[in-house]
Amino acid sequence: MKTILKDCLTDEDILYHYCSMDAFIKIIESKKLRLGNVIQMNDPTELSLRSINWIELIYNHYKKAPFKFKFLYDNKEFNMAQYLNLMNYHQDTIRTDSFFVFCMSTLSDDLNQWRVYGDNGNGVCLGFDVANIFDLIEHDSNFTYNELEYEDLQSIADFATDSMLCKIEDYYRAGDNNGLHKFIENFYSDLEFFVLRYKHPAYKAESEARLIYKKHNIQKDTAIFQKTDDIIICTDFSDIKTYKEISLSDMKIKNITFGPTNRVPIDNILLFLHANNIEIDSNQIYYSNIPYRTK
């Protein structure tokens, strides 16, 4: 076996997932990737966005620049305030913890990523072919993909509110009462997707991209942890977390980079991959080029 590893190269058709060596071993042995529940995200801004009273916010924006509006529902005519209040029912009945996310970066061999997500340089970076990700999305409507934008909480809230109002006004002016009805039903699910596009500017250096999985319109009194959905519960001594699992056959690994302080012998790497029926050419296995000492 050859023991020479090529330099790690940046490829815009690849997205990178940084993890610990332990997580890498589990991924290869199980041949599965885990998408984490959105309520387990590391940016408090994302949780703050979910706690906003969106109905009140939209109505306050509407009052600043009101437009003629009426909505027909069950043979009754609703004004804007009444229309928005109809959304409260769906807010109370639709689960928002049925979103799961797999976080990646557009950056290869990045020191900040190694420090934060790659076990301080002793971890592994998995490169995934973007084409495979889009194939997965095309064949399963529960999946979507976002490259993140970075804004402060107020800017995100204002932009989301204005976008929602514009959509309501467009439906109304087009005389699309059915569109207004569907807007109510899908409001909180659509809003969750919107929120998942953004992060606080402090995280901009991560250049994050996300594969998102959503079980659509799950009622709050319905358990999401069904075996057929591949939603699993994991426990340790201090926490209980939920994940959505997907097969490596859906997200094929295109290359592997070992961190600045991780120098596992190439022969051992290839033997481990082969033993688990993961075929990757030795030319697609790299060592990080970053000079980095942890002590």
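Predicted model: local features only at pLDDT ≥ 70, side-chain atom pairs only at ≥ 80, totals over all residues.

Trainee: How is phenylalanine 69 placed against tyrosine 83, in distance and in angle between the planes?

Mentor: Phenylalanine 69 and tyrosine 83 form a tilted pair, with 5.1 Å centre to centre and 55° between the planes. Phenylalanine 69 belongs to the loop between helix H3 (54-64) and strand S3 (71-73), while tyrosine 83 belongs to helix H4 (residues 80-93), so this pair ties together parts 14 residues apart in sequence. Phenylalanine 69 and tyrosine 83 are buried.

Trainee: What are the values for phenylalanine 69 and tyrosine 172?

Mentor: That aromatic pair is tilted as well, at 5.5 Å centre to centre and 45° between the planes. Tyrosine 172 lies in helix H7 (residues 153-173) and phenylalanine 69 in the loop between H3 and S3, so the pair ties together parts that are 103 residues apart in sequence. Phenylalanine 69 and tyrosine 172 are both buried.

Trainee: Which charged residues lie over the rings of tyrosine 243 and tyrosine 213?

Mentor: Here one looks at the charged end of a lysine or arginine and at the face of a ring. Arginine 34 lies over the face of tyrosine 243, 5.2 Å from the ring centre. Over the ring of tyrosine 213 sits the charged end of lysine 244, at 4.5 Å from the centre.

Trainee: Let us turn to strands. Is strand S1 (residues 14-19) largely enclosed or open?

Mentor: In a regular strand, side chains alternate between the two faces of the sheet. One therefore inspects each face in turn, with buried meaning under 20% relative accessible area. In S1, Ile14, Tyr16 and Tyr18 on one side are buried, as are Leu15, His17 and Cys19 on the other. Because six of its six residues are buried, S1 is largely enclosed by the rest of the structure.

Trainee: In which sense do S1 and S6 pair, and over how many bridges?

Mentor: S1 and S6 pair in the antiparallel sense, over six bridges. Tyrosine 18 stands opposite cysteine 125 in S6, and cysteine 19 stands opposite valine 124. S6 is mostly covered too, with six of its six residues buried. Val124, Leu126 and Phe128 point one way from S6, and Cys125, Gly127 and Asp129 point the other way.

Trainee: How many bridges join S6 to S13?

Mentor: Five bridges join S6 to S13, and the two strands run antiparallel. Cysteine 125 has threonine 257 as its bridge partner in S13.

Trainee: Is asparagine 255 buried or exposed?

Mentor: Asparagine 255, in strand S13 (residues 253-258), counts as buried because its relative accessibility is 3%. Leaving aside neighbours within four places in sequence, its contacts are Ile14, Tyr16, Cys125, Leu126, Gly127, Gln284 and Tyr286.

Trainee: Which members of the largest nonpolar core touch the most other members?

Mentor: That core has 35 residues, and those touching the most other members are Phe24, Phe128, Leu211, Met251 and Ile256. Helix H9 (residues 266-275) gives the most to this core, with four residues. Apart from it lies another core, of 31 residues, including Tyr172 and Phe194.

Trainee: What is the phi of lysine 31?

Mentor: Most residues other than glycine have a negative phi. Lysine 31, although not a glycine, has a positive phi of about 60°. Lysine 31 lies in the loop between helix H1 (21-30) and strand S2 (32-37), and counts as partly exposed because its relative accessibility is 29%. Asparagine 120 also has a positive phi, of about 55°. Asparagine 120 lies in the loop between helix H5 (111-116) and strand S6 (124-129), and is partly exposed, at 32% relative accessible area.

How values were computed. Residues numbered from 1 in each chain as written. Heavy atoms only, no water. Buried < 20%, exposed > 50% of the residue type's maximum accessible area, 1.4 Å probe, protein only. Contact = heavy atoms within 4.5 Å. Phe/Tyr/Trp six-rings, centres within 6.5 Å; stacked < 30°, edge-to-face > 60°. Lys NZ or Arg CZ within 6 Å of the ring centre and 35° of its normal. Core = buried A, V, L, I, M, F, W, Y, C linked by side-chain atoms within 4.5 Å. Pairing = 2+ DSSP bridges.
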